[in-house]
Amino acid sequence: MINGIRLICVLALMWMLNSAQAYGQPETDSLLSILETTDVAEDRYSIWIRLSIIEESDAAKGLEYASNSHKIAVQLDDELKKACAHQLMGRWQAYLEKYDSSRYNLDKSIELFESLDLQKALAKSFSYLAFWYENQRQFDSSAVQYNNAIRISKAIDDLSGVALYNLYLGDLESNRGNNPAAINHLEIANNYFDKYSSIDSAWISLNSLAVAYDEIGLYAQALTYYLKAYGIVDQIDDQEGKLILANNLGTIYNELGKMDEAREYYARGLETVKISGNLQDEALLLNNLSILHIEEGDTLKALQSLRRAHSLQQSEKENCDLAYSCEGLGEIMTWQGAFDSANYYLSEALRWSDKCEMRGNQTSIYRNMALLAARQGRNSLAKKYLIRSLEIADKGNYSLEKKETAKELFKYYNRIRDFKNALKYQLLYSNLKDSLFDAESTERIARMTAEYDFKREIESLEYKKMADEMKLNEELRQKEANQNSILVVLVLTTLLAATLGRSYYLVQNHNKKLTALNEEKNTLMGVVAHDLRSPLNNIKGLMALVKMENADLSPEQSHYFHLVDDTMERMRDMIDRVLDVSVVEDMKVNLNLKKVDLGETMNFVAGNFELLASKKSINIHSNLTTKEHFIFADYNYLLQVIENLLSNAIKFSESGKNIFLSIFQEEGNETMIIRDEGPGISEEDQKRLFTKFQKLSAKPTDNEQSTGLGLSIVKKFIDAMDAEISCESELGKGTSFVVKFKTADEKEKELI
C-alpha cells in the first residue's frame, strides 16, 4: 500500500457552483416566513425553487422544495417552470440514490429545455445526468454527458460553464486513472477559476489539479497547487477545505519521505474532524496514517488505525473507500503470516476497486496480492499479479506505483535466478526513481516548503505585532482619558516605535536565518541526489556481470566482485561525508587531508569509466606516466572531482571522439587537465559555469541525464582543498578543465 488517499470535493462544488449564491439558514427562514403570507402561485413557485437551490446539506428537504414547485408549475401549465422543477427534482433524487425517478425527471428537463432552446439550462441538466451515471459507476456514459455539457457551453460562449464541466470531467478522469486527460480538463477549469471565480471556490479546482499531478508523480507541481489551495482555505477558515488539504498535504509529504511534515498535516486533519464529527473523513485520515505507521515500522499502530477505519467505512452503504482499509489490513495480515485473512481482505479490496474503477488503487492491490502469493510459494501467480500491476500503472501513468512494482519484479526475477530480467527491472526502477526525485525537483520542493513555513512564521509575527499595537493603543486611550497627559502619549509612542522596530528587526533577522538554513538544506539535498548516482550506476552495470548462478568464479568475475565491494564501501563513506557539504560552503569543514598521488588517482578513475566511454566509442588517452605527482587532498573529494569532470567529458562528446588526460608539474603546482572534443562552451555560459542548477546551451549527446549540479559541486570541493579550477573553451573546438593543486612539498613548506 504505497499511495495514500487523496480527497477531492466534487459534490460540494457541484452544489455550490451550480446554484445561485447561497445565503444559508437566515435566507431560508425568511423565505419560509414569506410563504406563510402569500397565496400568489407565481410567488410561491419562485420561493420553493429558490429554497431548493440554496439548500446546502439536506437532500430530502431540497427534493421536497423542488416537488412543491413542480406541483405549482403543473397548475400554472408553464413549460419553463416545469423544466426547472424537473431539473431540481432529478438532481436531489440522484443524490438520494432514487435513480429511476431521478432519470425520469432529468430526461423531462432535457426534453423541455431543448424545446424551449434554453442552452445554458440544458447544459446543466446534462451535467446532472452525468452525475447520475457517475453515482452508478457508469463512467463512460458519465463522460459522454459531461462532454455534452461542455459542447453546449462552448457553443453559447458560457465560460463559467465550460470551466465547471471541465472540472467535473477532470475529476472523473482522475478517479478512473486517466490522468493525462484529467490534467488537460483541470487546467482549463483552473485557468478560469483562478482568474474569475470567488476565492472560496478557487481552492477546489486547485486541489483537483494537485491530485492529478500527485497521482502521476509530478510532486513539485502538485505541491505548488496544494500549498496555494491550503493558503486559501486557511485564509477564509473553510473547515472542509482545511480537512481535505491537510489530508492531501500529509499524503504527498509522506510520499516524499518527509515524515514530520506528513504527521503535522494529518494531525491538523484529525483536529478538524473532531470539530466536524464526520466519521468517513476520520476513516480516510486513519487509512493514510496507517501508511505512515507502516513505513515507520509500527505495525501495531497501523493495525489499530486500519481496524478503526474499516469499522467506520463498513457503517456506510456501498462505500468504495473500503478498498483502502481492506488493502491495508491484507498487507499487514501477509506480514503476520495470516494468509487466509490476507487473501480475504485483498480480494475484498480488489472487488471494491474494480466496482468503483479505482485504477491507481488496483496497482498496489495487485502488488500486495503478488507479495502474498510469493510468501505462499506460488511464484507463477506472483509474477502474474506483478505484471498486471505494472500494466495498470503504465496505462494510468502512475509513476510512483510503477517504480514500486518494478522493484518487486526485480526481486522476483532475482529470486528465481533470471538475472537478465532482474537487471531489466532494476534499471527500470532506478530510472523511475531518478525521474521522480531528480535534484532540481527536490530543490524546488524544499524551497516551496521552506518558503511556505517562513510565510506562516512572518504572519505569526505580524499578528503578534498587531496585537502589541492594539494593546498599546488601548493603554494610550485609557491614559489619555484618565491623565490627559502629553508626556504619556510621547512615552507610549516611543514604546510603540521601539516595539515595531524590534518586530521588524526580528522578522528580518529570522528571514536571514531561514534563508541561510534553507540554502544549506538545498545544497545538501542537491549533492546527495547528484553525487550518489555515480557509484550507484557503477553498481548497476557490475551487477549484470556478477549476479549469475552459483559456480566457480573466474578471475575476471572475482575482480568484478571486488569492484562491487569497493564501490559499495565508497558509497557508504560518501553518505557519511556528504553531510559536511553545508559546512564546506563556509570553509569550516575539517577535511581529511593526506598525501595522495594525483596521477594514480586519475588512472583509477579513468579505468572505471572505460566501459562507459566504450559504449559511445570514445577513446580516453592519457600521458600519465609512472612518475609520482603527490598533493595534499581529501581522497574522496578528489575522486568526486575527477569523476564529475570525466563524466561530463563523456556525456557531452559525440561518438568516436577523444578525451585527453594529462598532468604536469610547474612552479610548485601539480596541474591536471581533462580535455574533450565536444561542442565547447560559449563565453556567456562560462560566466555561470559553476553555479547550481544551471542548464547550459550544450546538451548531452546520448540523452544522458544532467541536473546542472555537477560543476557547482566540483567548485566547492576544489575551493575546500585550497586548489584552483578554470575552464578553457571555444565553441566547436572542445573544452579543457584545468585544476591546479599545490605540490605536496610546497604544501609542507607552508605548514612549517
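The model is a predicted one.

**Entry 1: helix α21**

I started with helix α21, residues 399-415. At 1.5 Å a residue, its 17 residues should span 24 Å. The end C-alpha atoms are 24 Å apart, so the two values agree.

Next I asked how much of α21 is covered. I counted 12 of its 17 residues as buried, so the helix is largely enclosed by the rest of the structure. I listed the buried ones: S399, L400, E401, K402, K403, E404, T405, A406, E408, L409, Y412 and Y413.

R417 follows α21, and its phi is positive, near 65°.

**Entry 2: nonpolar cores**

I turned to the interior. In soluble globular proteins, nonpolar side chains tend to be buried together. Here the largest nonpolar core has 71 residues. I noted the residues with the most contacts inside it: W203, Y226, L249, I252 and Y253. Helix α12, residues 219-236, gives this core its largest share, 10 residues.

There is a second, separate core of 40 residues. I found I650, L689, F717 and M721 among its members. I kept F717 in mind for the next entry.

**Entry 3: aromatic pairs**

How many aromatic pairs does the structure hold? I have 15 in my notes.

I took Y230 and Y265 to begin with. Their ring centres are 5.6 Å apart and their planes meet at 85°. Planes over 60 degrees apart count as edge-to-face, so I filed this pair as edge-to-face. Y230 sits in helix α12 and Y265 in helix α14, residues 259-276. The two are 35 residues apart, and the pair links distant parts of the chain. Both Y230 and Y265 are buried.

I then took Y637 and F717. This pair is stacked, at 4.2 Å centre to centre with 10° between the planes. Y637 lies in helix α30 and F717 in helix α32, residues 710-720, so the pair ties together parts that are 80 residues apart in sequence. Helix α30 covers residues 635-651.

Ring pairs link Y99, W132 and Y133.

**Entry 4: salt bridges**

My count of salt bridges came to 21. I looked up a few of them.

Which partners does K242 have? K242 forms a salt bridge with D237, at 2.7 Å from N to O. K242 also forms one with D234, where the closest N and O atoms are 3.8 Å apart. The cut-off is 4 Å, and I kept both. K242 has 17% relative accessibility, so it counts as buried. D234 is partly exposed, with a relative accessible area of 28%. D237 is partly exposed as well, at 46% relative accessibility.

I moved on to K742 and D722. Their salt bridge has its closest N and O atoms 3.8 Å apart. K742 lies in strand β7, residues 735-742, while D722 is in the loop between α32 and β6, so the pair ties together parts that are 20 residues apart in sequence. I noted that α32 is also the helix that holds F717. K742 counts as partly exposed at 28% relative accessibility. D722 is partly exposed too, with a relative accessible area of 41%.

E42, D78 and K81 are linked by salt bridges.

**Entry 5: a surface patch**

L80, L116 and L118 make a nonpolar surface patch of about 210 Å². L80 belongs to helix α5, residues 79-95. At 37% relative accessibility, L80 counts as partly exposed.

Terms used. Residues are numbered from 1 along each chain as its sequence is written. This is a predicted model: local features need pLDDT of at least 70, side-chain atom pairs count only at pLDDT 80 or more; totals for chains, interfaces and linings use all residues. Side-chain values use heavy atoms; hydrogens and water are left out. Helices (H or I, at least four residues) and strands (E, at least two) are DSSP runs, numbered from the N terminus. The expected span of a helix is 1.5 Å times one less than its number of residues. Buried means under 20% relative accessible area, exposed over 50%, partly exposed in between (1.4 Å probe, protein chains only). A nonpolar core is a set of buried Ala, Val, Leu, Ile, Met, Phe, Trp, Tyr and Cys residues joined through side-chain atoms within 4.5 Å. Patches are made of residues with over 30% relative accessible area and no salt bridge: like charges are joined within 9 Å, nonpolar side chains (Val, Leu, Ile, Met, Phe, Trp, Tyr) within 5 Å. Accessible areas come from the Shrake-Rupley method with a 1.4 Å probe; for residues, only the protein chains shown count as cover. A salt bridge is a side-chain nitrogen of Lys or Arg within 4 Å of a carboxyl oxygen of Asp or Glu. Rings of Phe, Tyr and Trp (its six-membered ring) pair if their centres lie within 6.5 Å; planes under 30 degrees apart count as stacked, over 60 as edge-to-face and the rest as tilted.
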